[in-house]
Amino acid sequence: MSNRWLPKWKIVEIEVNNKPFEVCYDETLKIYACPLCSPSCKSGGIPDYSSYFFHTEDLIRHINAHKYNLWTKKRPIEFEEEDEGEENNEED
Ligand SMILES: [Zn+2]
């Protein structure tokens, strides 16, 4: 009877840009955790917050984003929702 999720992180090696990269993997939930966001997962700790991924592809993309420090950069400009309603202001 436990509502708490206790991840059992296991260190697995994936390939990022043709280089081995250690990440955390939980066999129970089958998710990967980003070791850059939560280095504690590698030592068996439970990260307060982390980025979890179901697919290594997504994780690799995320790790690459760390490398390029996309975090610190400005977010791309969000598209403004353009109201293209028909405005028929017929002014006679
Ligand atoms: Zn991360």
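Four strands form an open, antiparallel sheet in the order 1-2-3-4. Strand 1 (9-16) and strand 4 (52-53) are its edge strands, each pairing on one side only. The model described here is predicted.

Within the sheet, strand 2 and strand 3 run antiparallel and are joined by three bridges. Residue D26 stands opposite I31, which belongs to strand 3. Helix 1 packs on the sheet and touches strand 1, strand 2, strand 3 and strand 4. The direction of helix 1 makes about 75 degrees with that of strand 1.

The chain has 92 residues, of which 14% count as buried. Of the contacts between residues at least 6 apart in sequence, 26% join residues at least 24 apart.

The largest nonpolar core has 10 residues in all: W9, V23, C24, Y25, Y32, A33, C34, C41, L59 and I63. The elements that each supply at least two residues of this core are strand 2, strand 3 and helix 1. Strand 2 gives the largest share, three residues.

The table lists the residue ranges of the elements named above.

| Element | Residue range |
|---|---|
| Strand 1 | residues 9-16 |
| Strand 2 | residues 19-26 |
| Strand 3 | residues 31-33 |
| Strand 4 | residues 52-53 |
| Helix 1 | residues 56-67 |

Terms used:
Residues numbered from 1 in each chain as written. Predicted model: local features only at pLDDT ≥ 70, side-chain atom pairs only at ≥ 80, totals over all residues. Buried ≥ 20, exposed ≤ 12 C-beta atoms within 10 Å, placed from the backbone. Contact = placed C-beta atoms within 7 Å. Core = buried A, V, L, I, M, F, W, Y, C linked by C-beta atoms within 7 Å. Pairing = 2+ DSSP bridges. Axes fitted to C-alpha atoms, helices over the stretch in contact; angles between N-to-C directions.
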